[in-house]
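I opened this notebook to set down what I looked up in the structure, going from the whole chain to a single position.

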Amino acid sequence: MRITPERVYLDDESRPAVVTASKSGVVPANGIEIAFDAFGDPGDRPLLLVMGLGTPMLAWRPEMCALLASRGFYVIRFDNRDVGRSTHLRDAPQPDVMAALTRGDVSSASYRLDDMAEDGFGLLDALDLAAAHVLGISMGGMIAQTMAARRPERVLSLTSVASTPSPALSSPTPAAAAAAAALMRPPASGREAQIAQMIEVSRVIGSPGFPPDDEWRAELAAMVWDLGLDPAGVMRQMMAIYASGDRTEAVRGIRVPALVIHGDSDPLINAAAGRRTAQLIGGAELLIIPGMGHDLPRQVWPTIADALGKVAGRAEHPR
């Protein structure tokens, strides 16, 4: 692999290598500050990566970003509000997730998915990008769907991974639900204990059909700990999901070229939710990956990159 400030070159996709961003920063966007990294050539097709609940952009592995950059994308990953180095709304009211779950009371929500979608558009503005291909995973898929529904002129194509148009469709296994709840609990007593807990969460929701990558899980958990944990911020993001409710009609109205990717072994958001997403979006392609859970194992990256290239091609050369 060779990296220059202008472009990332991937010589051997199977060989792990150190990858650095070609551009990084923190910019004002939608009234807050958003931290981002970019990989590749700014003259290539812009691709915005939107991460899931309580997870910083670091979870978009640099090697995957490099692979996508090698396919002709200018890859931009960023921290959603309330996670990583982006703005944390620490002065917001205390989120009451239990009230949302038991009584449907979402009055403690500080924002909705619409606001998080506008964060993405604000980042594009800050980077002088009129539009981008948008790929989101889990909650990030919900945000990506919202972006495509709200401002289709700014979304060249939509790729929704391991996501859903409605929380009611998720149907998590008990173990996966408990693992997700762990994100909102106070941190463990120390760094090593917290890292071990995060590794266990990723094992529970991960991909049973692929070799476990515990080395990467440990590395990511350590980076997340070192960034600083914010369980209240994770709850605010969760409340944004519940406050946004069932988005079926909005997703049904999406008209941009779309790709829906889901693992058939996802224990957190059942594959039926992915199938429903594809059914709602006219002309959407559906890619079900055997053995994939609620993560992106290295072995599926080339398949995803190929599919992403095709949906981007449909956007650029409509029939």
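I began with the charges of this predicted model, and found that the mean position of the 30 positive charges of the protein chain lies 4 Å from that of the 37 negative ones.

Next I looked up the overall dimensions, where the C-alpha trace spans about 45 × 45 × 40 Å along its principal axes. I then compared the radius of gyration with the rule for a compact globule: for 319 residues that rule gives a value near 20 Å, and the 18 Å of the protein chain agrees with it.

For the surface I noted an accessible area of about 13,100 Å², with 53% of it belonging to carbon and sulfur atoms, while 54% of the 319 residues count as buried.

Turning to the fold, I recorded eleven helices and ten strands for the protein chain. Among contacts with a separation of 6 or more, 77% are accounted for by residues 24 or more positions apart.

Leaving aside neighbours within four places in sequence, Gln237 is in contact with Gly52, Leu53 and Gly54, with Asn80, Arg81, Asp82 and Val83, and with Tyr111, Met116 and Met139.

Notes:
Residues numbered from 1 in each chain as written. Predicted model: local features only at pLDDT ≥ 70, side-chain atom pairs only at ≥ 80, totals over all residues. Heavy atoms only, no water. Contact = heavy atoms within 4.5 Å. Helix = DSSP H or I, 4+ residues; strand = E, 2+ residues; numbered from the N terminus. Rg over C-alpha atoms; globule rule 2.2 N^0.38 Å. Buried < 20%, exposed > 50% of the residue type's maximum accessible area, 1.4 Å probe, protein only. Areas by Shrake-Rupley, 256 points an atom, 1.4 Å probe, with all protein chains shown as cover. Lys, Arg positive; Asp, Glu negative; His and termini not counted. Charge placed at Lys NZ, Arg CZ, Asp CG, Glu CD.
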